[in-house]
Amino acid sequence: MRRGLDIAGYAFSRLGKRGSLTEGAGKRKAQSDVAGAEVLNEGGGRKGPGTKAMYAGAKGALRMGAAALLIGGILFAAGPARQALADDAVTSGSRQINAGGKSFSVKWVRVDVTDPYLEVVPVTASRGIGYDESFSSMIARTGAVAAVNGTFFNAYEKDASIRYPNGLMLKDGELLHSGENQSLIVDADKTVDIRKLKMSYTITATHGGKDYTFSPWGTNKDYGDSQPDQVVWFTPEYKAAVSKSGTTKVVVRDGVITAITGDAVYVPYDGYVCLIGNSSNNKNNLLPHLHVGDTVKTKLEVTENGQRVQGAELWQSATGVGPKLVTGGKVDIDPARDGFTDPKITKQAAMRSFVGADAQGRLVMGTVNGATMNDLAQIALSMGLTDAMNMDGGASSGLYANGSMLTAPGRALSNALVVKRHATPQVQVAVNGQLSAGFKGFIGGETTMVPMRPLLNAMNTEYKWDNAAHSLTLKKGDVEMVMTVGSYYIRVNGTDYWVPAAPQLLDNYLYVPLRFTAEKIGAEVKWNQSLYRADIVLP
């Protein structure tokens, strides 16, 4: 569901993470329970001036070395010591491998995707889907610590604005490009997998209390000018004007249709544009159900062999390419199954790129010259991969790690798969066992900060945002809490409590100290150390 609450101009919806509040101002930006605590001990709050109260929760962190912290008898590492582990999470090298009677020089990168500092995501060209960009520019622009070229694209189009990707791409639960392909997945549990998936959106428009649901042909795709029946969904990842003549454009902002026009439009940062061909079918059966002011919801649809896949909106990423090479430690090549007939792919030897997972669950990316698909599968097995698939190859092959361009592509790319390193550990946020799609917290210093929105969504509570004061007031039962951006004091039932990290607005979300906020509303925090996941259990 895309529609969210905009409190006095600050987007407290999923859409808010995309960037500034001004349209066009930029792109979008448990297992082990530690009772009532988290990775970092944020004290629980001290009362403000004029009181003699001790900490309302734990009495402070035990500092050992590089910000090591002891909570509930369990030692967690943070700060520089943890960063050192992050530095070891991306390794690279080269080796000679014999396959099919030939010797190949293979360059490889291994990534520990469970590292909380790291995130694996597809990246499209800076000018938007349909354009291309140099591999080195993508790496520099995203701050990647590792990268490999992505899915196939229309590389030979003379028009630089229609070099569209061919495979599906999903980033943080948001569909960047629809499709049906063998796909590399990094799921919510930070597991690397390869499965043949189909991804699309279904759209529900509500008018006068009645719902109408339809399925666009695709997302961020170009079906040319000869398809009057086409219906295409465009997201902010598509940055050019949606300008195809002879079509109707439906503009959606913050979950509401704001315009229906035949003119060229840009996709708003907080919404979508639906392009509808002016066929008699669309005029009679689709357009009459869409009106300015209607609410609109999107739903990610993911299927495997015709069966619905649950939870994909929580995945970190998916990139569709193929053919598949290895499944369960055995060669698994079936180009026809995976949609390939071109002999350049099915039979010939060429520069190749591949991705996969090893027995330790690490992501492995690599490049090799002069290999067929059969050669590539044998190479993947020799490297200990349990599952693997081919990526775009030839002049598109590119590989990078830790400041070194291991394989330089011979052309600009429409997309790439990159590994980003965050400055702070990223925290997954769950409420009552349900992960919050699109929301992540972070650890800053000795405090875990989480977005307030998932709690507001889950709590049956009153709240009000004061835009002038930059403060949020919420009421939960007999608790009234007032938190102000930048203030180290949070007021609870009239008493000010000091917290070690002030609430802050990031990407238009209000982030608050997890433990203090949860405990004051009577919630429990469970911590999953392996996934860096905080599960807030509401009373």
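This report covers strands, cores, ring contacts and loops in a predicted model.

## The seven-stranded sheet

Seven strands form an open sheet with mixed pairing. Their order is S39-S40-S33-S32-S31-S42-S41. Strand S39 (504-506) and strand S41 (524-528) stand at the edges. Each has a single partner strand, so one side of each is left without a neighbour in the sheet. From one strand to the next, the twist averages 35 degrees.

Strand S32 (residues 434-444) and strand S33 (residues 447-451) run antiparallel, joined by three bridges. Phenylalanine 442 has methionine 449 in S33 as its bridge partner.

## A covered strand

Strand S8 (residues 118-124) is mostly covered, with seven of its seven residues buried. Leu118, Val120, Pro122 and Thr124 point one way. Glu119, Val121 and Val123 point the other way. Residues on both sides are buried.

S8 pairs with strand S30 (residues 415-421). The sense is antiparallel, and the pairing spans seven bridges. Proline 122 takes part, with leucine 417 in S30 as its bridge partner.

## Two nonpolar cores

In soluble globular proteins, nonpolar side chains tend to be buried together. Here the largest nonpolar core has 47 residues. Val111, Met365 and Met383 have the most contacts inside it. Leaving aside residues up to four places away in sequence, methionine 365 touches Lys107, Trp108, Val109 and Val111, among others. Its contacts also include Ala146, Ala147, Val148, Phe354, Val355, Leu399 and Val419.

Another core, of 32 residues, lies apart from the largest one. Val429, Ile490, Tyr497 and Trp527 are among its members.

## Rings and charges

The model has nine aromatic pairs. One of them joins tryptophan 527 and tyrosine 532. Their ring centres are 5.4 Å apart and their planes stand at 70 degrees, so the pair is edge-to-face. Tryptophan 527 is buried, at 1% relative accessibility. Tyrosine 532 is buried too, at 3%.

Charged ends also sit over rings. Lysine 520 places its charged end over the ring of tyrosine 497, 4.1 Å from the centre.

Glycine 384 follows H5 and has a positive phi, near 85 degrees.

Lysine 347 lies in the loop between helix H4 (343-346) and strand S25 (350-358). Its relative accessibility is 65%, so lysine 347 counts as exposed. Threonine 372 is 25 residues away along the chain, yet the two C-alpha atoms are separated by 6.3 Å.

## Backbone details in loops

The peptide bond from glycine 322 to proline 323 is cis, with omega near 0 degrees. Proline 323 belongs to the loop between strand S22 (317-321) and strand S23 (324-327).

Lysine 190 is not a glycine, but has a positive phi of about 60 degrees. The loop that holds lysine 190 runs between strand S12 (179-186) and strand S13 (192-207). Lysine 190 is buried, with a relative accessible area of 8%. Asparagine 220, also not a glycine, has a positive phi of about 55 degrees. Asparagine 220 is placed in the loop between strand S15 (218-219) and strand S16 (231-234). At 0% relative accessibility, asparagine 220 counts as buried.

Technical notes: Residues are numbered from 1 along each chain as its sequence is written. This is a predicted model: local features need pLDDT of at least 70, side-chain atom pairs count only at pLDDT 80 or more; totals for chains, interfaces and linings use all residues. Side-chain values use heavy atoms; hydrogens and water are left out. Two strands pair if DSSP finds at least two bridges between them. Helices (H or I, at least four residues) and strands (E, at least two) are DSSP runs, numbered from the N terminus. Axes are lines fitted to C-alpha atoms, for helices over the stretch in contact, and angles run from 0 to 180 degrees between N-to-C directions. Buried means under 20% relative accessible area, exposed over 50%, partly exposed in between (1.4 Å probe, protein chains only). Rings of Phe, Tyr and Trp (its six-membered ring) pair if their centres lie within 6.5 Å; planes under 30 degrees apart count as stacked, over 60 as edge-to-face and the rest as tilted. A charge sits over a ring if NZ of Lys or CZ of Arg is within 6 Å of the ring centre and within 35 degrees of the ring normal. A nonpolar core is a set of buried Ala, Val, Leu, Ile, Met, Phe, Trp, Tyr and Cys residues joined through side-chain atoms within 4.5 Å. Contact means heavy atoms within 4.5 Å.
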